[in-house]
Amino acid sequence: MKRLFLFFVVLCVSHFMMGQEHMKFKGVEIDGSLSEMVTKLKAKGFTYLGAEDGIAILQGDFAGYRDCQIIVMTIKEIGIVNAIGVAFPEVEEWSLLERNYDGLKSMLIEKYGEPMRVIEKFQSDYVPNNSLKWLNLMSDECTWFSVFETDKGDIELFIQKVKCGKAAVILKYYDKANTDVVRASAMDDL
């Protein structure tokens, strides 16, 4: 019964969204099934690494960076893609990490305008050098992100510790139209 209801919600929202544009990633609309999106991204030159539990991982060059991980995420209940993330190459020092983040943020500002929200801070008020900045990041005492809002969805840029001694800049694109499908379904649960 719930599956039938979800199908009905998707059908109704899909009908409502006809003509609504989706966020684009590498010129491809963030929409459709996981396999459809993987096929489109492979055509853009990315190498498919595998999929599990509604998430596919590809690899390739993005925004001037080599060997990025591309993560395609679906809304599991209805099987449509709503977000794509890019994990830039992992690094082991703050200065390189911050340079990557600042460079990407500058390009995003040029394309989308000023971010709607920015938090770039350490828990400690005084962090005088890159070694202490790195230690703060590794101790989860650092919040570094920018959020850009567009009429088609949001874009998040942030720094994240990915494993002991390594961190990466992450960029996520969220499609508004498909995320609204999930919200409509969740609202019915309330």
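A pocket here is defined on a 1 Å grid over the protein atoms alone, as an open set of points where a 1.4 Å probe fits, with protein on both sides within 12 Å along at least five of seven lines, and its lining residues have an atom within 4 Å of a point. This is a predicted model, in which local features need pLDDT of at least 70 and side-chain atom pairs count only at pLDDT 80 or more, while totals for chains, interfaces and linings use all residues. Residues are numbered from 1 along each chain as its sequence is written, and side-chain values use heavy atoms, with hydrogens and water left out.

Q: What makes residues part of the lining of the second largest pocket, and which lie nearest its centre?
A: Having an atom within 4 Å of a pocket point is the criterion, and 17 residues line this pocket, with Gln69, Ile71, Ala87, Val162 and Ile170 nearest the centre. Strand 5 (65-75), strand 6 (80-87), strand 9 (153-163) and strand 10 (166-175) each supply at least two residues of that lining, and strand 5 gives the most, with five.

Q: How is the space in the largest pocket expressed?
A: A volume is the space filled by probe spheres set on the grid points, which are joined across faces, edges and corners, and for the largest pocket this is about 320 Å³. Among the 17 residues that line the largest pocket, Phe62, Leu108, Lys111, Tyr112 and Tyr173 are the closest to its centre. Helix 3 gives the most to this lining, with five residues.

Q: How do you know where the buried residues of helix 2 lie around its axis?
A: Helices (H or I, at least four residues) and strands (E, at least two) are DSSP runs, numbered from the N terminus, and in helix 2 (residues 34-43) the buried residues are Leu34, Met37, Val38 and Leu41. Taking the directions from the helix axis to the C-beta atoms, these buried residues fall within an arc of 100°, so they line one face of helix 2. The face turned away from the buried side carries the exposed residues Ser35, Thr39 and Ala43. In general, an α-helix has 3.6 residues a turn, so residues three or four places apart point the same way.

Q: What covers the buried residues of helix 2?
A: The cover includes strand 3 (47-52) and strand 4 (55-62), among other strands. Helix 2 is followed by Gly45, whose phi is positive, near 105°.

Conventions: Buried means under 20% relative accessible area, exposed over 50%, partly exposed in between (1.4 Å probe, protein chains only). Contact means heavy atoms within 4.5 Å.
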